[in-house]
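Let's take a friendly walk through a protein model, one stop at a time. Keep the picture open beside you as you read.

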Amino acid sequence: QNQKTKEQIESLLQNGKHKELRDRLCCRLSFGTAGLRSAMGAGFCYINDLTVIQSTQGIYKYLERNFSDFKQRGFVVGYDTRGQVTSNCSSKKLAKLTAAVLLAKDVLVYFFSTYVPTPFVPYAVQQLGAVAGVMITASHNRKEDNGYKVYWENGAQITSPHDKEIIKCIEECVEPWNGSWNENLVDTSPLRQDPLKKICDSYMEDLTKICYHRELNVQSSLKFVHTSFHGVGHDYVQLAFQAFGFQPPIPVPEQKDPDPDFSTVKCPNPEEGESVLELSLRLAEKEDARVVVATDPDADRLAVAEQQENGCWKVFTGNELAALFGWWMFSRWKESCSQDADVRNVYMLATTVSSKILRAIALKEGFHFEETLPGFKWIGSRVKNLLDNGKEVLFAFEESIGFMCGTSVLDKDGVSAAVVIAEMATYLQGQGLTLAQKLVDIYETYGYHISKTSYFLCYDPATIKRIFERLRNFEGPQSYPGCCGAYSVLHVRDITTGYDSSQLNKKSVLPVSKSSQMITFTFQNGCVATLRTSGTEPKIKYYAEMCALPGHSDRSVLEEELQKLIEALIGNFLEPDKNGLTWRSA
């Protein structure tokens, strides 16, 4: 019933574009590391009115089977500010259709009356006792994309087997039901409730549980600039700073309000660094603000930059910020915990492609550190499991600037991370330190962890498969590389096949993930490097880190060694020229 997407298919048919029709109509969306995500437009593997209706019908069917009280407990629906005129497709419209499917089946729906940060949906699921929730967002992806992120009753993103079972249910009911197209139901149904005020107030109140120095914040002279990257973050970050006792951060006027075209940045991903933070850095210089915080368009991730004494800006990597957050959350716990608190009951988590800095801190301080597969859905589920078993989780992260401070939200959260960084910077200023100086101090104490993460673009799935299959049969059938140029390989772990040479039974401890490619190499020199495909974009990513013991720290030597190893890794294992890979633009 969407004329724009209908016309797209008719036009392809009239112009004889059969290959493109096949590409659009002969495959379905599947769950990646962050739910369903694709370009907006016509076709069963795109995000559009019909595929969102089908997905919600499948979820309805699955939840009805699993929860006898589904209709009474209800379902949460949130959305960001994305949109595409050419497909008459917007996050709000897709959210209304999601709600319509459920309301037409007499399900109580908590539908936010305006756009919200992604973390509000998992938070609301837990607070309201709902059975599940959906957030319509493509986070930091390019403007053409949108997505459908599903949260389970535990407040974490769905993992296997739910994702596979939901896909089966979607395939069982692809014909839209009566009422599924009625997007006006959110305005007329008595079963629709608006949770906005209750959830926002409750979230801000819960946030104060991780505020440790309110009196310092109130008096602070430190100024902050915040950019919300044309997304949802502005209002909520302002409120979070207020909850911590701060003056509101100075917003970047050109990027403060939602804009689905993301018109001032080449891509809406703050992870890209200084090139996309240009406007906020210039404003900070003008306003004499030393720290910039940037939330991505759906405000679940955070980038941070700090002006150094020489006037230059340091944009922290996700791994560097994690070192700061890990130190901060543990040192605050230590200062405020009761006398009989047991450090052995305390946990921090990271995804396996992220820095091992938390492991180093944990070894020295006596708390537990655990790794999960890439993607916050694995962290969220594991944290819930630990909490249910009486453990205390202080912090979790993934290197792609995703941070979870505290456990009010079992997902990454850029709003809380922004205000925690502000409090940390304020506290450190009182000690005569900058964030960058404290980072060096952390590395001196726990050992330098120098990491580099980047990616290549590859739009051909067959090429990607060939690259990884070559690594699995490098020195003959079923034999992984023994070296990479001059660097000897000590261990290989292949999450796609479940192989791990470092284990006695040669089986990976982390669960097998056949749907994506991921191989990790541990080298004799102590470097750990992973090659994997992205779960949300056409990328081959590489992650490499050198870990030194405390006191064995000549940073420049480590950096040089890491750079040489990465060059060998790219040249020998990825062969970008031969495979036609596009380098990430510097």
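**A glutamine and its neighbours**

The backbone oxygen of V174 lies 3.1 Å from a polar atom of the side chain of Q54. Please remember, as we go along, that this is a predicted model. Where does Q54 sit? The place of Q54 is in helix α3, which covers residues 49–66. With a relative accessible area of 3%, Q54 counts as buried, because that value is under the 20% cut-off. Leaving aside residues up to four places away in sequence, Q54 touches R28, F44, I170 and V174.

Now move on to a strand. Strand β7 runs over residues 145–152, and eight of its eight residues are buried, so this strand is largely enclosed by the rest of the structure. Which residues lie on each side of β7? On one side you find D145, G147, K149 and Y151, and on the other N146, Y148, V150 and W152, so that both faces are covered.

Strand β7 also has partners. Strand β1, residues 36–39, pairs with β7 in the antiparallel sense over four bridges. Look for R37, which stands opposite G147 in β7. Strand β6, residues 132–136, pairs with β7 as well, again in the antiparallel sense, over five bridges. Here M135 has K149 of β7 as its bridge partner.

Next, let's turn to the cysteines. How many disulfides are there? The count comes to zero, where a disulfide would need two cysteine sulfur atoms within 2.5 Å. For C211, the nearest cysteine sulfur is that of C405, 13 Å away. C458 is in no disulfide either, and its nearest cysteine sulfur, that of C27, is 17 Å away. Are these two cysteines buried or exposed? C211 counts as buried at 16% relative accessibility, and C458 is buried too, with a relative accessible area of 6%.

Finally, step back to the wider view. An unreviewed UniProt entry lists residues 29–172, 202–308 and 318–444 for "domain: Alpha-D-phosphohexomutase alpha/beta/alpha". The span 29–172 is 38% helix and 20% strand, and its end C-alpha atoms lie 15 Å apart. The span 318–444 is 54% helix and 17% strand, with its end C-alpha atoms 19 Å apart.

Key: Residues are numbered from 1 along each chain as its sequence is written. This is a predicted model: local features need pLDDT of at least 70, side-chain atom pairs count only at pLDDT 80 or more; totals for chains, interfaces and linings use all residues. Side-chain values use heavy atoms; hydrogens and water are left out. Helices (H or I, at least four residues) and strands (E, at least two) are DSSP runs, numbered from the N terminus. Buried means under 20% relative accessible area, exposed over 50%, partly exposed in between (1.4 Å probe, protein chains only). A polar contact is a pair of N or O atoms within 3.5 Å; within protein, one must be able to donate a hydrogen and the other to accept it, and residues adjacent in sequence count only if both atoms are side-chain atoms. Contact means heavy atoms within 4.5 Å. Two strands pair if DSSP finds at least two bridges between them. UniProt positions are given in the numbering used here, feature names are shortened, and annotations may be inferred rather than shown by experiment.
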